[in-house]
Amino acid sequence: MKVSFEALSRKNVTTLIWQYDALLKQLYGVKWLRTLSQVEQVLLEIVKREESELILLMFTEERKLIGSAQATYSFRPPTTTAYINSVVVDEKHRGKHLGVI
């Protein structure tokens, strides 16, 4: 299976937010987004954090979201440090080594 990667950004978040929420349900056990105001709040947080966080999304060829990872990074000259957390892969696609580059 071929997959592609894309960063969640202010350009694509409105079209992907519901798929992303469904994926996070597998990680946390509950759906986070239930109302439009909650969606708007999440969108504002993503835009605000865009300079210090990266949410990387993994898609199938049909553009179905099947995985994500969050990286938080900081710039402290002379280095940049990043921490990867909140990794989740759709339960139907786990164990297939799709994230191996």
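Arg63 and Glu6 form a salt bridge, with their closest N and O atoms 2.9 Å apart. Arg63 sits in the loop between S2 and strand S3 (65-76) and Glu6 in strand S1 (residues 3-7), so the pair ties together parts 57 residues apart in sequence. The term salt bridge means a side-chain nitrogen of Lys or Arg within 4 Å of a carboxyl oxygen of Asp or Glu.

The model is predicted: local features need pLDDT of at least 70, side-chain atom pairs count only at pLDDT 80 or more, and totals for chains, interfaces and linings use all residues. Residues are numbered from 1 along each chain as its sequence is written, and side-chain values use heavy atoms, leaving out hydrogens and water.

Now the overall layout. The protein has two helices and four strands. From the N terminus on, they run β-α-α-β-β-β. Helices (H or I, at least four residues) and strands (E, at least two) are DSSP runs, numbered from the N terminus. Of the 101 residues, 31% count as buried. Buried means under 20% relative accessible area, exposed over 50%, and partly exposed in between (1.4 Å probe, protein chains only).

Return to Arg63. At 39% relative accessibility, Arg63 is partly exposed. Glu6 is partly exposed too, at 26%. Arg63 also lies over the face of Phe59, 3.9 Å from the ring centre. Such a charge sits over a ring if NZ of Lys or CZ of Arg is within 6 Å of the ring centre and within 35 degrees of the ring normal.

The whole structure holds two salt bridges. In one of them, the side chains of Asp90 and Lys64 meet at 3.8 Å, N to O. Asp90 lies in the segment after strand S4 (79-89) and Lys64 in the loop between S2 and S3, so this pair ties together parts 26 residues apart in sequence. Asp90 is buried at 6% relative accessibility, while Lys64 is partly exposed at 38%.

Asp90 leads on to helix H1. The C-alpha atoms of Leu27 and Asp90 are separated by 9.1 Å, although the two residues are 63 apart along the chain. Leu27 is in helix H1 and is partly exposed, at 34% relative accessibility. The buried residues of H1 include Val13, Leu16, Ile17 and Tyr20. An α-helix has 3.6 residues a turn, so residues three or four places apart point the same way. Helix H1 (residues 13-28) bends by about 30° at Gln19. The bend is the angle between axes fitted to the seven residues ending there and the seven starting there. Just after H1, Gly29 takes a positive phi of about 85°.
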